[in-house]
Amino acid sequence: MTVHGFLDDFSKFAADHGRNPEWLLPVRRAAIERFGERGFPTTRDEDWHFTSAARIADAEFVSLAAGGGDVRAADLEPFTFGATDWTQLVFVNGRYTPELSAVGALPAGVRVASLADALREGVPAVRERLTSLAALDHGAFVALNTALFVDGGFVHVPANVVVERPIHLLFVADADGASGAAHPRTLIIADRHARATIVESYVAVGDPMYFMNPVTEVVLADGAHVTHLRVQRESERAYHVGTTQAHQGRDSKYSSFSFATGAALSRTNIYTVLAGPGGEVTLNGLYMADGTQHVDHQTRIEHVAPNCTSHEVYKGVLDDAAHGVFNGKVYVHPEAQKTDGKQTNNNLLLSPDAHIDTKPQLEIFADDVKCTHGATVGQLDENALFYLRSRGLGADDAKTLLTYAFAADVVQRIDEPAVRDALETLARERFVGAMPAGVG
Amino acid sequence: MLEIIDLHAGIADREILKGISLTVRAGEVHAIMGPNGSGKSTLAQVLAGHPAYEVTGGSATYDGEDLLALPPEERAQKGIFLAFQYPVEIPGVTNAYFLRAAYNEIRKSKGLDEIDPMDFADLVEERLRLVDMDREMLQRAVNAGFSGGEKKRNEILQMAVLGPRLAILDETDSGLDIDALRVVAHGVNSLRRPDNATIVVTHYQRLLNYIVPDRVHVLAGGRIVKSGGKDLALELEARGYDWLVEAAPAGVAGAAV
Ligand SMILES: Nc1ncnc2c1ncn2[C@@H]1O[C@H](COP(=O)(O)OP(=O)(O)O)[C@@H](O)[C@H]1O
Ligand SMILES: [Mg+2]
């Protein structure tokens with residue numbers, strides 16, 4: 001029924017030519033048609049067996065295309081990693097907010113802008129690349145985003161340019177965005193041998209209910225290095241479905257980290273295609289959830305070219321009646337000989353009612369490859385708890401420390417120190433005091 | 001300081017300790033010896049409060065207080081320290097953090113403020129020398145990837161830093177070469193004071209050449225079947241345990257003090 005709500009949004013939206021360059025309209029139309037035909041996924045659909053989109057499909061969301069919001073700089077402090085010299089674009093309820101944003105010193109030729117501005121200006125790279133990676137076959141949510149996006153981030157790093165400081169794209173929701181749906185679209189382009197670190201955060205001030213449906217496309221040309229840190233700290237009443245699609249050229253290196261701890265229901269898709277030989281990808285992540293939160297990660301690494309390496313470590317900590325889903329796909333095409341792939345997913349359940357569905361999936365069509373995968377699900381180690389308590393640490397402190405230690409190992413792999421430290425603190429504090437006595 | 005009377009304990013319906021009585025006074029060193037599987041570690045773990053073991057009878061009093069009613073952390077805060085036979089690996093937590101957290105918890109329980117980090121660094125530095133360990137180990141995760149000998153030394157380091165009143169060393173000597181054994185024994189001996197006590201659990205007499213006990217007890221089949229002075233250890237070395245184990249009639253609790 002709200003499929004129609006979104007179709008209505010689109011009719012109004014399509015009429016507003018100011019936001020729609022000529023070339024984009026047919027793409028949007030094709031997307032909304034596809035969405036209209038297929039509707040939202042159901043648990044019968046592949047990759048949606050363990051996550052029901054019904055709560056999103058059945059809700060009525062208002063369009064947030066017009067923007068608005070009442071976020072002050074001080075509200076953002078908990079989300080800015082203590083950084084004062086980063087380029088930071090802030091989007092409130094989906095719309096770029098220049099008053100809260102700051103473009104720091106950037107090397108010549110680097111462009112960081114809101115996508116709406118870049119579209120208005122007719123930046124050629126946008127026309128060339130936008131919607132080229134996340135396409136119709138990505139399913140309902142990407143189709144919806146493609147049809148309805150208004151704004152988002154645009155980052156373009158020209159060839160051989162190294163951007164030292166991270167670029168932060170900070171998406172904030174507040175009470176003015178309550179009951180709204182936003183579809184931010186971000187395009188990141190790293191030309192040949194360019195290097196950059198992008199931090200993409202989704203956060204809330206207060207605890208409004210809303211639907212955040214971002215899509216990010218990352219283009220890595222030959223030899224480009226992109227570190228992409230994604231931080232999902234939405235309101236605990238929010239719904240978040242996010243898709244990242246990267247495309248990697250020869251000898252490029254994409255390092256992704258996904259931290260997911262907010263939202264009533266979140267689904268994070270991280271996909272990459274290793275299209276040129278010698279490419280490397282690291283997909284790491286940590287999800288921490290409690291209460292009745294549902295947190296789903298889907299990753300897909302497509303080895304198209306030979307001699308590429310993929311490493312993946314996802315960890316999850318689930319308390320109370322939280323439900324986690326991890327589905328890691330590694331797809332090795334017949335030409336992708338000498339692929340080196342390694343994937344692990346480790347989960348820690350702090351409560352008997354917490355639940356995880358984990359499914360590593362290797363599909364290998366080349367014969368000369370080295371691929372491993374493994375998943376574990378466990379509780380806190382009784383003997384480790386006792387060891388800590390026998391040295392004087394209280395039961396709760398011992399649990400907190402062991403939980404943190406479990407999570408810290410993957411967080412410590414983040415190269416960017418400010419983000420690493422911030423996430424370490426978040427991981428340490430996530431369950432403090434929330435863990436019931438007698439668990440494990 | 002510690003008085004154990006007719007202690008029965010086990011795990012999952014299986015009785016392992018079948019009536020242990022033992023009195024340890026301040027200033028004393030007691031050795032508990034006995035064959036594998038006789039219940040030595042179980043006794044040590046029960047005294048430290050491992051929740052997996054159920055006490056089914058008897059009592060243990062520590063400084064006049066019911067020890068068995070206390071959670072493990074309170075026992076530690078009151079000065080009981082168990083050097084584990086199998087120290088646990090804790091990846092992701094550094095020794096430095098762990099030592100300081102434990103030290104401060106014990107201070108907090110006494111109503112004291114946390115120690116100044118610089119003062120603590122000095123204390124640890126000095127204790128590291130005592131057990132002949134490199135300070136570089138402080139930045140390593142607790143016991144993770146440590147060799148057997150490193151783990152045992154790390155237990156003694158923790159003991160040296162925390163300064164317990166009653167230390168229970170569970171086979172701290174097993175798997176140590178003679179040099180490491182000397183280091184461990186030196187650590188234990190230099191921490192001895194008239195107001196603290198040590199229980200040394202060991203399978204071999206060897207360690208007792210370095211840590212000289214006041215009393216030696218033989219544990220077999222969950223009971224203390226014989227107690228004596230330090231010469232008993234030499235006798236056990238010469239004759240083995242069989243003569244004692246066979247002599248202990250089933251169903252009769254061995255008395256020992
Ligand atoms: N956690 C446990 N679970 C099951 N059996 C145990 C456990 N701990 C000890 N036992 C059993 O209790 C007996 C005594 O073990 P233990 O106390 O370790 O002996 P020792 O230290 O003297 O070698 C053994 O038969 C052992 O198998
Ligand atoms: Mg033992």
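Q: What volume does the second largest cavity have?
A: In this predicted model, the second largest cavity has a volume of about 50 Å³.

Q: And which residues line it, the second largest cavity?
A: Its lining is made up of Asp47(A), Tyr271(A), Gln298(A), Thr299(A), Arg300(A), Asn327(A) and Lys329(A), and by class these divide into one nonpolar, three polar and three charged.

Q: Which element gives the most to that lining?
A: That is β17(A), with three residues, while β17 and β19 of chain A each supply at least two.

Q: OK, what about the largest cavity, what volume does that one have?
A: The largest cavity has a volume of about 70 Å³, and of the 13 residues that line it, the closest to its centre are Asp47(A), Phe50(A), Gln298(A), Val325(A) and Asn327(A). Here β19(A) gives the most to the lining, with three residues.

Q: Switching to the ligand: which elements give two or more residues to the shell around ligand 1?
A: Those are β2 (14-24) and α1 (40-48) of chain B, and α1(B) gives the most, with three residues.

Q: Where does Arg14(B) sit relative to ligand 1?
A: A polar side-chain atom of Arg14(B) lies 2.9 Å from an oxygen atom of ligand 1, whereas for Gly37(B) a backbone N or O atom lies 2.8 Å from a ligand oxygen. For Lys40(B), a polar backbone atom is 2.9 Å from an oxygen atom of the ligand.

Q: How much of ligand 1 does the protein bury?
A: Taken alone, ligand 1 exposes 550 Å², and the protein buries 65% of that.

Key
Residues numbered from 1 in each chain as written. Chains lettered and ligands numbered in written order. Predicted model: local features only at pLDDT ≥ 70, side-chain atom pairs only at ≥ 80, totals over all residues. Heavy atoms only, no water. Polar contact = N/O pair within 3.5 Å; in protein donor to acceptor, adjacent residues only side chain to side chain. Areas by Shrake-Rupley, 256 points an atom, 1.4 Å probe, with all protein chains shown as cover. Helix = DSSP H or I, 4+ residues; strand = E, 2+ residues; numbered from the N terminus. 1 Å grid on protein atoms, 1.4 Å probe; cavity = no way out; pocket = protein on both sides within 12 Å on 5 of 7 lines; lining within 4 Å. Points joined across faces, edges and corners; volume = space filled by probe spheres on them. Nonpolar A, V, L, I, M, F, W, Y, C, P; charged D, E, K, R; others polar.
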